[in-house]
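Visitor: Could you walk me through this model, one piece at a time?
Guide: Gladly; here it is.
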Amino acid sequence: MRSNFIDEVVIHVRSGHGGAGAVSFRREKYIPFGGPDGGNGGKGGDVIVRADAQLSTLLDYKFQRKHHAKDGERGQGRQCSGADGDDSVLKVPVGTMVFNADTQELIADMSEAGAEVVLARGGRGGKGNEHFARSTQQAPKFAQPGEEGQELNVRLELKMLADVGLVGFPNVGKSSFIAKVSAARPKIADYPFTTLEPHLGVVSFGAEQSFVLADVPGIIVGAHTGQGLGTRFLRHIERVRRIAHLVTVEPDTEDRDPIRDFEAIENEMALHNERLALVPRVLVLNRIDLPFVAEKRPELEKYAKKKKLPFFAISAATGAGVEELVKFLGHAVLSERQAGIAPVGLRTDGAEAPGTEDAE
Ligand SMILES: Nc1nc2c(ncn2[C@@H]2O[C@H](COP(=O)(O)OP(=O)(O)OP(=O)(O)O)[C@@H](O)[C@H]2O)c(=O)[nH]1
Ligand SMILES: [Mg+2]
């Protein structure tokens, strides 16, 4: 299930052509036969890839696949050189691997923030005719053309790290939620353990912003000792910035109780890894389209307030409340990312729980 974890896109890049050198002769009053003065053409722009710590997905490249640097300008008379073409700088998330899409050769591994690699070098500008003047040929009527740019198909691959992890008992609607807000299409069905492996989805919100959401298989009591699918999938959310903990009520069974479930899963997560307990969470009541779920809302809201947890009530089925939740998670992720704050699971200092936040 490689495609779940890899954000991948093939793009076409082309560096700029060099500008042609100029053929020109000095024309001045009282000097009938001026010498050659054609300037050189400008260099074409390079296509450069740069690792940017503020990005987390390759989403932008899915919308724009052609990236061309500017051509150099032609040389001019009076020894004027043409301007160099602007480079095209492709910003990618740290961790992006860059391949030649035709040969599969690895061109660059963008593992360090700020690192830059030239993918296609711009063509050199041609020499103007001034350059070719010799004693034997004082008036060359030719100049050099600019060198061609390079083109190439490039595959960008990013092993995605989730920004937000979805946890909860089996069948509470985790997959329904990720399917609602991203292009991920995990199987959804009315029985526990439908999802057997984590799924990642890119969630867009606001103006061209996004975060990565992970749908983690359901957890049950005893998971840390291997019950159900165990907790091995929790490693996929050890580096998230937020955990969205989904709870609900099932009809015709006493098995599901939102508060009891929440505490049970929290306990399993803490037993699995104490760092997970430091990740800020959001409590989400799903299926509020159903009256017997909606009636639990006030009680849960009160509980969340007591626990200082942001609380959201949604229906992954109808979409009610979903946008507010996505915005809240998105802004939380984005503000930390922009402030250069590392996720708790990646911090090496004695990580402290970040201050709790209030839901808007
Ligand atoms: N009425 C209603 N049903 C929902 C809602 N969200 C999910 N369901 C239903 O709940 C059942 C379980 O949904 P899933 O999304 O598969 O649940 P899950 O948490 O991914 O389950 P596992 O993968 O087994 O852990 C499905 O029958 C969904 O159609 C909702 O908001 N309202
Ligand atoms: Mg599922």
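Guide: Before we start, helices (H or I, at least four residues) and strands (E, at least two) are DSSP runs, numbered from the N terminus. Two residues are in contact if their C-beta atoms, placed from the backbone, lie within 7 Å. Axes are lines fitted to C-alpha atoms, for helices over the stretch in contact, and angles run from 0 to 180 degrees between N-to-C directions. This is a predicted model, in which local features need pLDDT of at least 70 and side-chain atom pairs count only at pLDDT 80 or more, while totals for chains, interfaces and linings use all residues. Residues are numbered from 1 along each chain as its sequence is written, and chains are lettered from A and ligands numbered from 1 in the order in which they are written.

Visitor: At about what angle to β11 does helix α3 run?
Guide: Helix α3 covers residues 174-181. It lies across β9, β10, β11 (209-215) and β12, and its angle to β11 is about 155°.

Visitor: In what order do the six strands of the open sheet come?
Guide: Two strands pair if DSSP finds at least two bridges between them. The edge strands, β10 (199-205) and β14 (311-313), each pair on one side only. The pairing is mixed, and the order is β10-β11-β9-β12-β13-β14.

Visitor: Which residue stands opposite S204 in β11?
Guide: β10 and β11 form a hairpin with three residues between them, and G206 in the turn has a positive phi of about 55°. Seven bridges join the two strands, which run antiparallel. Opposite S204 stands S210.

Visitor: What is the bridge partner of L166 in β11?
Guide: β9 and β11 run parallel and are joined by three bridges. For L166, the partner in β11 is D215.

Visitor: And which residue of β13 is the bridge partner of I243?
Guide: β12 and β13 pair in the parallel sense over five bridges. The partner of I243 in β13 is R281.

Visitor: Which residue of β4 is the bridge partner of V47?
Guide: Three strands form an open sheet with mixed pairing, in the order β4-β2-β7. β4 (88-93) and β7 (116-120) each have a single partner strand, so one side of each is left without a neighbour in the sheet. Strand β2 (residues 47-52) runs parallel to β4, with six bridges between them. In β4, V47 is partnered by S88.

Visitor: How far apart do the C-alpha centres of domain 1 and domain 2 lie?
Guide: The bounds, from an automatic or database domain assignment, are 2-159 for domain 1 and 164-346 for domain 2. Eight residues of domain 1 are in contact with nine residues of domain 2. The distance between the C-alpha centres is 47 Å.
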